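Please look through the sequence and the structure below.

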Amino acid sequence: MAYTRAERLAIDTYSKCDTREIKYGTAGFRSKADQLDYIMYRMGLLAGLRAQDTSAAIGVMITASHNPEQDNGIKLVDPMGEMLAPAWEAHATTLVNAPDDGVAGVLEKIVSEACIDTNKKALVFVGRDTRPSSNRLRDAVIAGVTAIGGEVKDFGIISTPILHYVVTCYNDGENYGKATVKGYYQKIAQAFVKLRSSSSSHGNYDPVILFDGANGVGALAMTEFLNHLQDSLRVTIFNKGEGVLNHMCGADYVKVQQKWPEGVPKTQNVRCVSIDGDGDRVIYSVLDSEGRFHMLDGDKIATLVADYLQELVKSSGLKLKLGLVQTAYANGASTAYITKQLGIPVACARTGVKHLHRMAQQFDIGVYFEANGHGTVIFSTVAREAIQAAAKAKEGHAEKLSQVLDVINETVGDAISDMLLVESILHARGWSVLDWNEAYTDFPNRQMTVTVADRAVITTTDAERECVTPEGLQDAINKIVSAFSKGRSFVRPSGTEDIVRIYAEASTQEEADNLAIQVACAVYELAGGIGDRPKAS
Ligand code: G16
């Protein structure tokens, strides 16, 4: 197929407005929304080719998730809900960096390299978040898909996990569930209600939740879920869209700032569930009777879930290998607790759920969570079949395990499905959120960011725990860390924002703050910092 028409449109309507080299990042391409039209158009072209390549529907999600409202971005979803395959990330990068009059050439090269039959149908499922720019960018994606003769099914405003879910269900012949938005809500909500009614323990459990919707699409999803959850939970939704997306609220704000979200009443002893801008991350927090803030992040969720699943697996007499995947951001106390107290193996992956998901596939039951609240649980076919057989034979708690499996959205991290999983476990254990928090105490930690002229100068190894370049930076970090008791720190370039992230852990909060600032200053000096020198906030 000649791609003359596709190239014509690239030149006339969606011309390239950026000369910088751009890379497919942690979760696709992200930038200021007004610089993205040509990228969206080209990703529409690429999604169409990927659909022909896999003979399956491909998902395109228009969102910049936790980023500020003026940003936007695009995530591509492969046939079984996975993130785009690495070889195609490379194609995406080549296509986005080609000059306007080089678009046809790159498309032909991809077709030839991947041996694509271009006569095949190209079906692309498109979803978008609530950002004002998402509507316009959706049109650019559609223009790309249709320019190569593909077909689009536009799901409108939906959360990222719903898009992953419908893509998976459609491609597996609705084995996993019905490939509709309604089917998604029904499957997960029904499983939750059923699980709840079969569990008797209440103890300190209280079904009251303050829900922080981050002023994004997740607030809409939670509103819809409430129509299906009967009276099992008492959820009040805040930050429904009346304020600015992700601004001083939402999962990223609560996690990084370690603060209660704005817009949510400061009611003591009632848990707050914060999600991010596209509904794939979740963080719990609570103010105790003294008004002290406690945060329960992805590490706390992972340990709660892994511990409970392990218990159900053992009591069902199943021989399944359960493991947990974290990143370097995991609090050291969580890793020690998982390995020493729970006796569960832990693997460390690079940042990005795509890396964690792949690593979790080495286990029969792979629990993976980033500390920022992004994660899920995946079950191998062997595990799924064994659980279902044991449930039929009514072995131990296998029936419960099989119900838990249906509450989980295995296709990707899903804030609300994760919340329902946590709620199921707390209910079964008869725990309050403060009971859950007592499992272990986080080491004091601090995250900071530094802006540098070119964040690509920082490269890392060992699951991002060590810097390779610029020369001397890792030595400087080692020297700074050595002066702190129980100090740990690493730096890495963000793959979603134009910043470098700094993580620091130490034995007191003051020391963790101090360590973070010193390491941030080293980055500023050795990696070409711009703007103000890092200082205490
Ligand atoms: C995305 C990824 C996450 C990652 C986060 C931050 O989340 O899906 O896996 O942890 O970006 O990545 P980075 O540190 O490279 O900026 P989201 O929720 O923004 O899509």
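Angles under 35 degrees count as roughly parallel, over 145 as roughly antiparallel, 65 to 115 as roughly perpendicular and the rest as oblique. This is a predicted model: local features need pLDDT of at least 70, side-chain atom pairs count only at pLDDT 80 or more, and totals for chains, interfaces and linings use all residues. Numbering starts from 1 along each chain as its sequence is written.

The axes of helix α7 (residues 181–197) and helix α15 (residues 415–429) come within 10 Å and cross at roughly 5 degrees (axes are lines fitted to C-alpha atoms, for helices over the stretch in contact, and angles run from 0 to 180 degrees between N-to-C directions). α7 and α15 are therefore roughly parallel to each other. Helices are DSSP runs of H or I with at least four residues, strands are runs of E with at least two, and both are numbered from the N terminus.

On the α7 side, I188, F192, L195 and R196 meet S417, L420, S424 and H427 of α15 (contact: C-beta atoms, placed from the backbone, within 7 Å). The buried residues of α7, among them I188, F192, L195 and R196, pack against α6 (160–171), α8 (217–226), α14 (398–407) and α15. A residue is buried if 20 or more other C-beta atoms lie within 10 Å of its own, exposed if 12 or fewer, and partly exposed in between, with C-beta atoms placed from the backbone.

K319 lies in the loop between α10 (298–315) and β11 (322–327). K319 is exposed, with 8 other C-beta atoms within 10 Å.

Around the ligand there are 18 residues, the closest being T26, S65, S494, G495 and T496 (near: C-beta atom, placed from the backbone, within 6 Å).

Definitions and conventions: Contact = placed C-beta atoms within 7 Å.
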